[in-house]
Amino acid sequence: MDPNTSYLQKHPNVTSSRVSNFLNKGQWEETNIHASLYDSRVSGEPHVKMEWWPAPGLERPTFAHAAKQEFSPISTGHTFGPGWATHWVRATIKIPKEFEGKQVRFLFDPECEAMVWSAEGEALQGITGASDSGCHHVDFILTNKAKADEGARILYLEIACNGLFGNPGPHSLIAPPNKDRRFSLREADLVVLNEAAWAMLHDMGILLDAYKTLPASSPRAWQALSTANDMVNVYEPNDKASINRALEISKKFFASRGGEANHQVYAIGNCHIDTAWLWPYDETKRKVARSWSTQLDYMDRYPEYKFAASQAQQFEWLQTLYPALFKRVQEKAKTGQFIPIGGTWIEMDCNIPSGESLARQFLLGQKYFEKHFNQRSKVFWLPDTFGYSSQLPQIVRLSGAEYFFTQKLSWNNINKFPHTTFRWIGLDGSHILTHMAPAETYTANATASQLISSVARHKDISYTNESLYLYGNGDGGGGPLEDMIERLDRMKDVDGLPRVKHAHPNEFYEHVDKTNKGLVTWKGELYFELHRGTYTSQAKTKKFNRQSEFLLRDVEMLSVMAKSIAHGFAYPSKEIERLWKLVCLNQFHDVIPGTSIEIVYEDTDAIYADVVQSATAMKQDALIALFNHVSLNSVDEATGMLFVNTTAWPRTEVVAVPGLDHAGIQQVRKQDNAALVIATSVPELGVSVVDLTDTGAESIPVTVFKDTNGDVVLENLYVTARIGKHGQLVSLWDKRDERELIPDNKRANVFYLHDDIPLFWDAWDIEIYNLEKKAELPATKVVIVDEGPLVASVCIEIPISEQSKLRQWVSLSAISPRLDFACDVDWHESRKCLKVSFTWDIYNDMATYETQYGVIQRPTHRNTTWDMAKFEVCAHKFVDLSEYGYGVALLNDCKYGYSTLGNTMSMTLLRSPKAPDANCDMGNHTFRYAIYPHKGAFGESDVVQEAYQFNIPLVQLPVDYEIAANAADSAGATPYFSLAGAPNVVLDTVKAAEDNPNDVIVRMYEAYGGHARATLTTKLNVSAAQKTNILEEKMDNLKISPAAKGSKGKSVSINIKPFEIVTVKFIIKS
């Protein structure tokens, strides 16, 4: 027998382990390939002299500032800290003469992130230190060919005291940050690479990975292992020729081609940078520069390499803070190597933002990319968001894009999503070609195993034999590394592996669109079966977002009105855009969901304060322009109140006016001493004036009393509500329909405290088992507060625990069946969740939840695992449970987490996770919700309009009644805009056009799921009208007609499909 015969097929695990040991650092690196990776290495003076300056506190000074400071000598072993601090190192480098003619690299490992700067202040390349395994990138090329007389050169290194994933505390990636984290300078060496040894390392890594991943029956698997084993056999650590012999062996394996029938992988580099998450916005600005500068260097070195980056906000940051880098990005974009993609301002959450917010994400993003890169993104790029709204296909289409990429549904924890490449159909029937990378990651590391899995996990391979492959370190940035690009180049066309090529994502989608064999479809939302707690965590952020969205809506609408009649009023386009950018920024998919560290929310609080302050001032400016001739500076002087209605239907409401003290006032609310006034028939997008001296308001008063059972009874013309001694609603009687809404022995407005301990993702997840462990929270005090005639109210006090308590005011007005609940919670829990539930005598297999620009129906049962997975779902301003002829809606002003099981609705109010923010939601919270019973099923109701009214108060101004009443018509008694003939259509937005602030954009949508023919009338001086997309580009001309008899202005009539979003542009005569 031949003693040299290999028996590897009989001991493959041993051979595989042998090859692994040959490739790994550690015990054997003195005798394996790592012994040969560097031909030369020097460190310390005179070759590397280092000096250091620590920035004070947690400041992030500019290069210009840092370079002027006094630096002190340091050497390797020096420590940097604490977490989030910035240090600067000045390195004076002298390349040894013996390095002449060779490529020389500077290895600088501070165990954290850093940026390399030239002595002239040019940002050159990012560094990722050793603390982040797998993301290690510490080499900077000083020269490709050293000269014999190289003089000294100076580099500056900006040290950011955080790893790629921030500064997590011990034991967990998502632990709250360790503010005292320290980093050590591990190396600062000049090296010359042994390029052949590195090539051998890359080859053998692919061979070993292919063997481990390919089926055991595959001949190529055994050939891969045999090839790697043979390479180990010929290698000698001190013999360069042995490395070349080994490469000759691997060359034969890689020379075997796979053929055109093999699966084609389209590879695109990316470095998904979370705009904030385990680090704040300000650090992201530096991450962008570090990551993208590194990729620009690879583009110079690898002409075929392509890299995609999304989020226009990050490009704008780079443009502002690193203009030279931004110009390099623009240059590489022209060559097709640097690919701006996505079309949105940031990679936003798709659950919480309103429909208009999603529209603005695209408007801002596409506008930016067109202006600075002369291109529009065809691909909606959102790999890492926690669910996808059913209106996205239509919004994407209306924003000039055609395709969609994600992969997040691969994380589902109950059902595996059944498709890879498919056509996603939205609420209105719009569809977009959608692909979810079968490698099931957006941070792949260019391995043979991941490419092979792109075939094995492709669920639609019978229709299309291609897939996208996103590789590069991400979340914290970084991007592809040199070895990833090298591996992909080796695997372009190798027998046994899928073919792979560097490609623009557009190339992939266009090919699939053209060549597929009939793709399957998926209708409706792409519900993410994980991270359901993101509908609730960081409640204040969600509340600020809702308030900001509606505040900006009012600002735009009132500013359009003001510009139309107030001479000299300038529509504040630039400031409105600035504020929308801030609101959109905070809608990033790790910010508004509530899954970032505490300092991120310190930033968002400041941003929202800026938005509210500026928007409120602009709103006041518009009101002054509209009504300065009638408004008063003080409520004390008022004999009338002027009310502005920014919704598109008439409203009659009881309005609270703070500070008003007048003999004619019927009631003062005891909770805050606000005067209560009835605003009657305020016209749509118009104004009405109330005479405060007129005490003869026509309304049947609301009453409140305690009955013989001790229940508190609130009663008006429409309903009778009974509140039991525990603060719960025990009866709700509809007087008009003579119908009890609460079943026998059931209750509504019942609070529960649930355990809230997920499997891992603390701030992210609510798990289904937490529904099993809960405690009911009864009230200890129920007191009548307001006794009419306009509003009756009850105050309820509920102890939650020894640390937390809830106070609630339940109120009923004289003019509506709506029952309002205002809550004030002092919340200091740990991994608990507060819910409130309502059980109704209404039965339907489906409940209706508001989503962006429409509604979605979801099951009220858990028949299947797909139904069960939706035990917690997202809704916007309301949830409705209806049956034939009747229904009840649950309205809210800032909550998003819901469930309906059988005939019980539940709303999630507060959570208390401890990671990554240890203080998430601790403190005081105020929020409101309401019960709105209605005749008719949801589709026949006015629930959508009532939910808008609950969120958008009438604007109020104190006036002299006589003057204001006479002048009201010029200021808006005749509506600026009105809709007729289509009660199912909602006018949502009025704004100035992007291209000309003299022209006006009106956006509306069909809200209930039916066809409509709507007549939109405006009293503005219109010369033409167009139907446009979200980017305000003309789709069709609209015929203008005189307004209906008795009305002023011009009208357009539009046929609208179910859930269609319609944007109209009015061209205004100058």
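Tutor: Let us start with F977. Leaving aside its neighbours within four places in sequence, F977 is in contact with V560, E684, L685, L987, V990, V1000, V1002, T1017, T1018, L1020 and F1066. Please bear in mind throughout that this is a predicted model.

Student: Which residues touch the most other members of the largest nonpolar core?

Tutor: They are W292, F977 and F1066, in a core of 215 residues. There is also a second, separate core of 63 residues, and A792, I798, Y886 and L910 are among its members.

Student: How is a pair of aromatic rings described?

Tutor: Two quantities are used: the distance of the ring centres and the angle of the planes. The whole structure contains 53 aromatic pairs. In the pair of F550 and Y948, the centres are 6.3 Å apart and the planes stand at 70°, so the pair is edge-to-face. This pair links distant parts of the chain, for F550 belongs to helix α14 (residues 539-565) and Y948 to helix α18 (residues 943-951), 398 residues apart. F550 and Y948 are both buried.

Student: Which residues form one aromatic cluster?

Tutor: The cluster consists of W292, F307, F315, F326, F338, W345, Y368, F369 and F373.

Student: Let us turn to strands. How do the strands of a sheet pair?

Tutor: They pair through backbone hydrogen bonds, in either a parallel or an antiparallel sense. For a parallel case, take strand β13 (residues 264-270), which pairs with strand β20 (residues 466-471) over six bridges. Within that pairing, A267 has Y469 as its bridge partner.

Student: Is β13 enclosed or open to the outside?

Tutor: Seven of its seven residues are buried, so β13 is largely enclosed by the rest of the structure. Both faces are covered: Q264, Y266, I268 and N270 are buried on one side, and V265, A267 and G269 on the other.

Student: Where may I see antiparallel pairing?

Tutor: An open sheet of six strands shows it, in the order β3-β2-β5-β10-β7-β8. At its edges stand β3 (72-74) and β8 (123-128), each with a single partner strand, so one side of each has no neighbour in the sheet. From one strand to the next the twist averages 30°. Five bridges join β8 to strand β7 (residues 113-118), and M115 is paired there with G126.

Student: Which helix lies across β5, β7, β8 and β10?

Tutor: That helix is α6, and it runs at about 105° to β8.

Student: Finally, which details of the backbone deserve a note?

Tutor: G81 and P82 are joined by a cis peptide bond, with omega about -5°, and P82 lies in the loop between β4 (79-80) and β5. The bond from G788 to P789 is also cis, with omega near 10°; P789 lies in the loop between β35 (781-787) and β36 (791-799). As for phi, W84 has a positive value near 80°. W84 lies in the loop between β4 and β5 and is buried at 6% relative accessible area. H531 also has a positive phi, near 55°; H531 is in the loop between β22 (521-523) and α14, and at 1% relative accessibility it counts as buried.

Conventions: Residues numbered from 1 in each chain as written. Predicted model: local features only at pLDDT ≥ 70, side-chain atom pairs only at ≥ 80, totals over all residues. Heavy atoms only, no water. Buried < 20%, exposed > 50% of the residue type's maximum accessible area, 1.4 Å probe, protein only. Helix = DSSP H or I, 4+ residues; strand = E, 2+ residues; numbered from the N terminus. Pairing = 2+ DSSP bridges. Axes fitted to C-alpha atoms, helices over the stretch in contact; angles between N-to-C directions. Contact = heavy atoms within 4.5 Å. Core = buried A, V, L, I, M, F, W, Y, C linked by side-chain atoms within 4.5 Å. Phe/Tyr/Trp six-rings, centres within 6.5 Å; stacked < 30°, edge-to-face > 60°.
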